[in-house]
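Keep the sequence and the 3D view open as you read.

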Amino acid sequence: MYAHTAFAYEMLMDAENIPPKFIETSNSIHGLCVDIVDKLNQRLRQDKLHITLSDNVFPVKRSMKRLEQNQTQINCGKAFNEKRQMDYKYGSVPLYTLEYGLVTLGNNTVFDDVQGLAEIIRTGKKVGTLAGSHSLYLLNRAGAAKGQIKGYASSMQGLSALINKDIDAYLSHNLSLEYLLTQHAEEKMFKVIYGDYYKYPHFMLFNNTVPDAIIEKIDAALVSLKQHNEMDVLLKKYRRH
């Protein structure tokens with residue numbers, strides 16, 4: 001797929017609007033997943049394998065559909081869930097571990113003592129999260145009422161909805177929240193609550209047509225990257241706390 005004269009097998013990966021995994025500027029796309037792919041390509045070169053990053057940044061929901069339809073072959077940093085397991089293949093090596101945080105306006109105390117996703121749902125309040133994300137899947141599985149959960153194309157849109165009081169809280173993982181809140185002009189308006197909602201690893205995700213032998217080589221490259229502490233170095237580059 002996407003054969004190139006220098007490579008026996010080349011895979012396309014979408015950039016997604018989830019900073020700091022992917023950060024779009026006026027003339028470039030960089031970020032944690034871009035750095036991970038660079039490190040992987042250094043190791044995969046010996047096997048004539050290569051991962052190419054798309055030139056555009058896509059919403060998560062659209063990039064996942066493109067992966068399912070084999071318009072792309074690999075996706076960086078996705079949580080495991082049963083539905084995705086039916087539609088895609090997972091790598092076996094965790095990239096890093098994340099936890100969910102809940103963002104509210106600073107004067108909102110409704111969620112201060114809430115523990116777990118089911119308790120968030122039982123408040124009856126409206127909660128935003130990324131459309132097409134694992135968090136959307138989990139909130140709905142926890143018993144959300146119709147219309148209680150709102151999906152947004154980006155976390156910045158979700159935070160704007162929170163300011164406008166279209167929602168009462170916004171759920172996302174700590175890597176994204178730590179980065180986005182420091183970039184937001186109204187950072188001091190928000191507070192983040194870590195209420196033991198959910199901790200989970202991210203994995204590489206593949207289109208079902210990608211051969212298992214290729215996935216095993218990428219897994220081996222990830223093991224090497226982690227054994228040399230390169231993943232920790234990359235995470236520290238983008239973590240804010």
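**Helix α1 against helix α9**

Helices α1 and α9 are roughly antiparallel to each other, a label for angles over 145 degrees. This is a predicted model: local features need pLDDT of at least 70, side-chain atom pairs count only at pLDDT 80 or more, and totals for chains, interfaces and linings use all residues. Residues are numbered from 1 along each chain as its sequence is written, and side-chain values use heavy atoms, leaving out hydrogens and water.

**The pairing**

- α1 spans residues 32-44 and α9 spans residues 230-238; they pack at an angle of about 160°, with their axes 10 Å apart.
- Leu32, Asp35, Ile36, Lys39 and Arg43 in α1 meet Glu230, Met231, Leu234, Leu235, Lys237 and Tyr238 in α9 (contact means heavy atoms within 4.5 Å).
- By class, this contact of α1 with α9 has six nonpolar, no polar and five charged residues.

**The two sides of α9**

- Glu230, Met231, Leu234, Leu235 and Tyr238 are the buried residues of α9 (buried means under 20% relative accessible area, exposed over 50%, with a 1.4 Å probe and protein chains only).
- They cover an arc of only 135° around the axis, so they sit on the same side of α9.
- Val233 and Lys236 are exposed on the other side of α9.
- The buried residues of α9 pack against β2 (23-24), α1, β7 (96-105), α7 (174-183) and α8 (212-227).

**A buried arginine**

- Arg66 lies in helix α2, residues 60-68.
- Arg66 counts as buried because its relative accessibility is 14%.
- Leaving aside residues up to four places away in sequence, Arg66 touches Leu12, Asp14, Phe58, Gln71 and Thr72.

Technical notes
Axes fitted to C-alpha atoms, helices over the stretch in contact; angles between N-to-C directions. Helix = DSSP H or I, 4+ residues; strand = E, 2+ residues; numbered from the N terminus. Parallel < 35°, antiparallel > 145°, perpendicular 65-115°, else oblique. Nonpolar A, V, L, I, M, F, W, Y, C, P; charged D, E, K, R; others polar. Arc of directions from axis to C-beta.
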